[in-house]
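Hi,

Here is the structure I promised to send over.

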Amino acid sequence: MEPTWDVDKLSYEIFSILESKFLFSPSPPATPANLPASGRAGRVPILSIDAAGDAILAAACLSRLEDSLRKRSGDASARISDFFDIAAGSGAGGFLAALLFTRRPGGAPPLSAGDALRLLASSRGKISGRRGGVLGRLFRRSGGGIFKRSFGDATLRDSIKPVLIPCFDLKTGAAFTFSRADAAEAAGFDFRMRDVCAATCAAWGKRVGVRSVDGRTRIDALGGAVAMANPAAAAVTHVLNNGIEFPLATGVEDLLVVSIGGGEVGNALSQSVAPPSPADLVEIAGKGDADMIDQSLAMAFGHRRTSNYVRIQANNLLSPTRILKWKGNKKSKESAAGVVMEMAEEVLAQRNIESILFRGRKVSEQTNAEKLDFFSEELFKEHQRRMNN
């Protein structure tokens, strides 16, 4: 039987939860009875990375954020994982999230954002996000070598902070989210991180079968872009409904969210007059879904959108000049990586389209770099508050 899914239905259900719980709620949720109001733990920093592209643009943004946090803290070894409480990532964004929040083989700390950026840039032979991107091709060609080298036998339980990484399960015909919380609750939901990344990075039409560590649960996966191109809403609802790990997070005012889109790198490099392929349609649907989630979250955060929710998104990277430049350099891995880094710098200088409560969408007043600088300051304030308590 061919797999079926309804991305619009999933997006609508996520928005309905956000709308009913946070946007039009008559009163804020009560603080848990066993925790006094004075014991509120500040804001929960959430990182979300979209499935689009090969995550290099997202890694470049996070590398800048990490550098800023190191300067503010005076700690040259500080990592992204030191400042966030939870990470969600889809597709290549899921691989990046795993790199940043999972101990390496031998128990070494997770990669820094700068090291993750260098790993992603050195691993790609082409600038392409189509058909699963370079990560999907590497998995098929080398039996998951890049994932195994990165994580060894580490499982979801070995992530140092909660992680959420989605795929689409062909066995159930529904989205499935790999979660550290589920892995801690039941052995049947603990998967090796290398298999989690293989599942979320699976190329269109190339299903990947993965089993839980105990062999009880099997997922017949398509990539995260099919299931949930933008996992930010899933991360928000996870935090606000997870009373064990986040007992004091009761509303959007208790969150600090940065959501990073991947840009449209994939489609840029395969311009064609032919009818769109199924993979093209998945990418188009995923972009629309990501934008809808962004708009839903912006509405849910309301007047706190500018202080508690930041969206970083690439716009108009697909110029004919850049496409020709890439094609001229496509035989050189170093040149291709240089084009990507050039695109990353352009992303940071852009003012992207953002959603405004009851006012549609407009061009942001801040560049992506300015947004990251603002977010760096807020993250550092939260980090300092915790250190002083």
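Let me begin with Asp50, which is buried, at a relative accessible area of 5% (buried means under 20% relative accessible area, exposed over 50%, partly exposed in between, with a 1.4 Å probe and protein chains only). Before I go on, some housekeeping: this is a predicted model, where local features need pLDDT of at least 70 and side-chain atom pairs count only at pLDDT 80 or more, while totals for chains, interfaces and linings use all residues. Residues are numbered from 1 along each chain as its sequence is written, and side-chain values use heavy atoms, with hydrogens and water left out.

Back to Asp50: what does it pair with? It makes a salt bridge with Arg311, with 2.7 Å between the closest N and O atoms (that is, a side-chain nitrogen of Lys or Arg within 4 Å of a carboxyl oxygen of Asp or Glu). The two come from distant parts of the chain, 261 residues apart: Asp50 sits in the loop between strand S1 (44–49) and helix H2 (56–73), and Arg311 in strand S8 (residues 309–312). Helices (H or I, at least four residues) and strands (E, at least two) are DSSP runs, numbered from the N terminus. Arg311 is buried too, with a relative accessible area of 5%.

Searching the whole structure gives 16 salt bridges. One of them joins Arg216 to Asp214, with the closest N and O atoms 3.5 Å apart. Arg216 is exposed at 72% relative accessibility, and Asp214 is partly exposed at 32%.

Another links Arg386 and Glu382, at 2.8 Å from N to O. Both are in helix H16 (residues 368–388), 4 residues apart, or about one turn of the helix. An α-helix has 3.6 residues a turn, so residues three or four places apart point the same way. Glu382 is buried at 6%, whereas Arg386 is partly exposed at 34%. There is also a network: Arg43, Glu377, Glu378 and Lys381 are joined by salt bridges that share partners.

Helix H8 (residues 193–200) is worth a look as well: 8 of its 8 residues are buried, so the rest of the structure largely encloses it. Among them are Arg194 and Asp195.

Finally, Asp82 is in the loop between H2 and strand S2 (86–89) and is partly exposed, at 39%. Beyond its neighbours within four places in sequence, Asp82 is in contact with Lys161 and His383 (contact means heavy atoms within 4.5 Å).

Cheers
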